[in-house]
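Hi everyone, thanks for making time today. Let's take a look at this one together, starting from the surface.

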Amino acid sequence: MSIDIPTICLTNIGPLITLSVAGLLLLLFDAFSGKAMKKAHFHQFSLVAVVIALLQTVWLWNRQTTDFSRMIYVDNFSFFFNVIFLLGTGISIILSVHYLENYRKNYGEYYALMLFAAVGMILMAAGGNLVIIFLGVEILSIPIYILSGLFREDLKSNEAALKYLLLGAFSSAFLLFGIAMLYGGTGTFYLADLAAFIKKSGMNGFTYVGMGLLIVGFGFKVSMAPFHMWTPDVYEGAPTSITAFMSVGTKAAAFAAFLRVFLEVFPTVRMEWDLLLWVAAVATMTVGNVTALAQTNIKRMLAYSSIAHAGYILVGLIAGNQLGATGILYYLLAYTIMNLGAFGVVIAVARKKDNYLNIYDYAGLGFQYPGLAAVMSVFLFSLVGMPPTAGFLGKFYLFSAAVEAGYIWLVIIAVINSLISVYYYLRITVIMYMQPAEADLGPVAMTPVVNATLIISALAVLLIGIFPGSIFQLAMNSVKIFGS
Amino acid sequence: MQIIFFLLAATALISGIMVVIQVNPVRSALFLVLNFFALAAIYLLANAQFIAAIQIIVYAGAIMVLFLFVIMLLNLRQPEEGGAHRHLGQKIFGSSLATAVIALVIYKVFRMIVPPGKPLTPDFGSTEMVAKSLFTDYLLPFEMTSILLLVAVVGAVILARSKVE
């Protein structure tokens, strides 16, 4: 029997290889190295891996090809998302170090699992075959289930891990069933072939059921409204550094797969899924924002805010045009930076004895730590969507795409929701600057690296808000693959 | 052929439901074995001999034996009766909604025009063919599966290891 080995080019999966090998080396390093020197170097090692992967990604710019017998796409869309994922992973690693040392949980496995999760994200954005996308979902999710339960002696952390595992397994089953249905209806897993089949012979019952199940599966991962129930509990219980990581990583990766599958495979039946997503987007925004109003725990508040942001991004997906897709990419980049920044401040303020997670713990922060309060305010303003921050322009692109596509009412509801969100974000700013501290906050441990990261993130939020041109062009280039 | 398939499918479904509703964990596990055997037979009907054999050797054989051992070692007690009682309205609403969805899906499925399948190649389902596609077209998923398994192992070690430091 002769076997035709397909030609493969390993540079096309360079970032995947670097991250996987670095993860493996970290595990070995952790197991076999001496006790004294190892602790300090895990995060540096993993950061170096992330930077190398980023450089390899930059090397892949403007390649329009597929590899591994069309299993993965190497295009600007996956380039842009790779940058988001690696940026998110890198910032999360920097923010984790001090937090983990505080809790004596600075394990090598922690960083290895983060790198593996990044591998999963990259697969989800690059997948050209539903099998790869499903594998990506699992490789991303399993490390996060584990990391959510990292604090074994903390009941809330256990609850978060178990809840996320059970519901996540359930949603994976939906996703897999949807993939099976699509295979039954068309006889292929490849996105390009699926798109060609549906274009030629239209939808059949199998593909309709498959499409619906895919919406459920991806909707769970982005915390879309009827499937958002897990978000607040998991975000609250998980270690804060992991909450930060998953709030940006999982969401960006799931939206990458969502966007690619729906704009590539199902553009001809847009009317069908638009209506469904319209209702879901309105519910997501409203549930997220209205419930966030009542929260006093800052992690829960940010969890509901992340649900609301998923709703805004869905608005861009419903618009389904070039501007909408560009807006999603831009918004996800901005969201990654601003949300990680906000969580970074939460991590800096938290202490082992008392987590300082109540929003009233932030009273007087503006006087004691003016720098920290200032960067927090920048991130919060950006989350609200006030000019001149990146959050404002992201929302502007998303909403104007929806107006262009004729969804006026959706945009009106979205804007009303943004107005609601002003209350709970700015309440924290008000507490920080206008209320006297009830008790002395005590020393906030800040390392130069964390300081620099927070300041650079805040500056980045402002800069890409004031000069959006280059990022917008980049995002525009990245979504050219979707016709129409 | 048709009758055998539907018999096997019914066995798989019923045993699957029994896995969930059984109170005794050992019985649950045994129903899971039955489920795996029914699935293996369905694979056989679909001409996938290799997958069928693997299903029996790996799942019904190795994994279920481990499952049963763990259940016996843990010596699980029967859970007390009761627990959370759902509201009657909730029960009726939930079950009627579920019935409606199932009815809709069944209605749609039976009216569906199934696209013609492709003819099978003569060596379909053989070990060679599975191996060939694993190492050519499905090379990347195959390699990535190893990462997935590694992650699961690492996770089990982290969450289950005895107190450190």
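This is a predicted model: local features need pLDDT of at least 70, side-chain atom pairs count only at pLDDT 80 or more; totals for chains, interfaces and linings use all residues.

A nonpolar patch on the surface is formed by A:Ile8, A:Leu10, A:Ile17, A:Val21, A:Leu25, A:Leu28, A:Phe32 and A:Phe45, with about 740 Å² of accessible area together. That area comes from the Shrake-Rupley method with a 1.4 Å probe, with only the protein chains shown counting as cover for residues.

Residues are numbered from 1 along each chain as written, chains are lettered from A and ligands numbered from 1 in written order, and side-chain values use heavy atoms, without hydrogens and water.

Helix 1 of chain A gives the patch its largest share, five residues. Helices here are DSSP runs of H or I, at least four residues, numbered from the N terminus. A:Ile17 is in helix 1 of chain A and is partly exposed at 33% relative accessibility, where partly exposed lies between buried, under 20%, and exposed, over 50% (1.4 Å probe, protein chains only).

Now, how are the rings of A:Phe29 and A:Phe45 arranged? Their centres are 6.5 Å apart and their planes at 40°, so the pair is tilted. Rings of Phe, Tyr and Trp (its six-membered ring) pair with centres within 6.5 Å; planes under 30 degrees apart are stacked, over 60 edge-to-face, the rest tilted. A:Phe29 lies in helix 1 and A:Phe45 in helix 3 of chain A, so the pair ties together parts 16 residues apart in sequence.

How values were computed: Helices (H or I, at least four residues) and strands (E, at least two) are DSSP runs, numbered from the N terminus. Patches are made of residues with over 30% relative accessible area and no salt bridge: like charges are joined within 9 Å, nonpolar side chains (Val, Leu, Ile, Met, Phe, Trp, Tyr) within 5 Å. A salt bridge is a side-chain nitrogen of Lys or Arg within 4 Å of a carboxyl oxygen of Asp or Glu.
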